Amino acid sequence: MAFSSLSSAVSFPHTAISFPILLRNSSFSRRYALGSRAEFPLNPLRTRATWRPGGSEFYCSSSNGACSKELEEHADDRSEFFTFGSGLVSKKLEGLIASVLIFGQIASPIPIVGLESLPAPPANAILYSPDTKVPRTGELALRRAIPANTNMKAIQATLEDISYLLRIPQRKPYGTMEGNVKKALKTAMNEKDTILASMPEDLREKGSQFYTSLIDGKGGLQELIQYIKEQDPDKVSLALASSLETVAEIELLQAPGLSFLLPEQYLKYPRLTGRAVVEFTVEKGDGTSFSPEAGGEPRQTATMQIILDGYSAPLTAGNFAKLVADGSYNGTKLSTVNQAIISDNGTNKGSGYSVPLEIMPSGQFEPLYRTTLNVQDGELPVLPLSVYGAVAMAHSESSEEYSSPYQFFFYLYDKRNSGLGGISFDEGQFSVFGYTTAGRELLSQIKTGDVIKSAKLIDGQDRLIVPNES
């Protein structure tokens, strides 16, 4: 079964709502952490929690809603002991009364006599949410992953903030938007020489053309300022998208290769030293059709493109690009499992490499190998899984420290089945190496039994390095 080789990896929980919790004991200065997360099963008769006082873990499981004595013994103040599941909460009675009366006092203008005499203990539960500022589209994730000049990154960040400001309903902060564009324009004009000097000499002429377009071209910064002054959100959105596309083109010219050295032991693997584009043609396996394009006819085959990012995952993207170039994915069957579309396991299909798990943490300059990220501690990848259409390798059947040499999957991100901040429960556990950019709407139409009729490397062949296999 194709799904089995994902090990426990592509398992997307539907039976629990999980988030990290800190529990503070008001009688003592120490804090107790419920492990990395507390799980609230949908079945109210089952309770699970991990209690970690002072670094030691204790597991609590019960069918009647009350945790075991083992857990209770490690709560220094039993009056503040929590149990989850069936709704049983044992706390100081006066604390509960005080909470009710305080709510009543807030809701009612009539003063409640005697309220001041009741103690109101401090809050006992603190919800911790990791930094959730992760890209929500493949295009945004790919743009942020380019290792470009710091001035261009500053311009990019300033413009991207406008995307969030545009989402504000009714009275949009056009003044703030105009200030952002003027700031980006000032940086671009003052740092022109530095921006162009960051490109290889043979690419500077092309870079100069993009630079001129960014300043004065159609959809450039000057035009964007004009649309903001007109307070036309539709025109602002289109011009902003155009400016950001030009920013990305300039950044790509500034990053002709990897910005770090690969560990020597990994030089034997194929590697992608930049970006590449793969085009898939998918065919219906049951004789049905894909939905027609605008004004078109239903079709049995559909085409989509994915962009591979060698900047953040050079080994994983390199292995995948080599398999595509070798024709190894032609005729590959697809299966749908929970929130993923997964390829078959590639038995008797080409010769892929079992590449080590490869994840670049946000804010770092090189990937981590054979290790996952701890999202609960704020570690997030440059290429997040929590994006609809993310492309990643399955885990190796032999070890989750390595990716499968062949099997990959499209991740069908769904915020309803995610944790706090919309982060996937499997974030930081897989080698994500690209995103579906064109034909993304087709993913929801792919069913088990559909086939990759052809896979072609249509751009980036010159950035694929394949060592001598001798």
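Is Phe433 buried or exposed, and what is its relative accessible area? Phe433 is buried, with a relative accessible area of 0%, where buried means under 20% relative accessible area, exposed over 50% and partly exposed in between, for a 1.4 Å probe and protein chains only. The model is a predicted one, in which local features need pLDDT of at least 70 and side-chain atom pairs count only at pLDDT 80 or more, while totals for chains, interfaces and linings use all residues. Residues are numbered from 1 along each chain as its sequence is written, and side-chain values use heavy atoms, with hydrogens and water left out.

**Nonpolar cores**

A nonpolar core is taken here as a set of buried Ala, Val, Leu, Ile, Met, Phe, Trp, Tyr and Cys residues joined through side-chain atoms within 4.5 Å. The largest such core has 33 residues, and those with the most contacts inside it are Phe280, Leu308, Phe320, Tyr329, Phe408 and Phe410. At least two residues of this core come from each of β9 (275-283), β10 (301-309), α10 (314-325), β15 (390-395), β16 (403-411) and β18 (451-459); helices (H or I, at least four residues) and strands (E, at least two) are DSSP runs, numbered from the N terminus. The greatest contribution to this core is that of α10, with five residues. A second, separate core of 30 residues includes Ile155, Ala184, Leu214 and Val247.

Phe320 is buried, with a relative accessible area of 0%. Apart from its neighbours within four places in sequence, Phe320 is in contact (heavy atoms within 4.5 Å) with Val278, Phe280, Ile306, Leu308, Tyr329, Met393, Phe408 and Phe433.

**Aromatic pairs**

The whole structure holds 13 aromatic pairs. Rings of Phe, Tyr and Trp (its six-membered ring) pair if their centres lie within 6.5 Å, and planes under 30 degrees apart count as stacked, over 60 as edge-to-face and the rest as tilted. Two of the pairs are set out below.

| Pair | Distance of centres | Angle of planes | Class |
|---|---|---|---|
| Tyr269 and Tyr353 | 5.9 Å | 80° | edge-to-face |
| Phe320 and Phe433 | 4.8 Å | 45° | tilted |

The pair of Phe320, in helix α10, and Phe433, in strand β17 (residues 431-438), links distant parts of the chain, 113 residues apart. Ring pairs also link Phe280, Phe320, Tyr329, Tyr406, Phe408, Phe410 and Phe433 into a cluster. In the other pair, Tyr269 is buried at 8% relative accessible area, and Tyr353 is likewise buried at 18%.

**The largest pocket**

About 690 Å³ of space lies in the largest pocket. On a 1 Å grid over the protein atoms alone, a pocket is an open set of points where a 1.4 Å probe fits, with protein on both sides within 12 Å along at least five of seven lines, and lining residues have an atom within 4 Å of a point; grid points are joined across faces, edges and corners, and the volume is the space filled by probe spheres set on the points. Of the 25 lining residues, the closest to the pocket centre are Ile146, Ala248, Glu249, Leu252 and Arg275. While α3 (138-144), α9 (233-254) and β9 each supply at least two residues of the lining, α9 gives the most, with six.

**Lys235**

Lys235 lies in helix α9 and counts as partly exposed, at 38% relative accessibility. Leaving aside its neighbours within four places in sequence, Lys235 is in contact with Tyr227 and Glu230.
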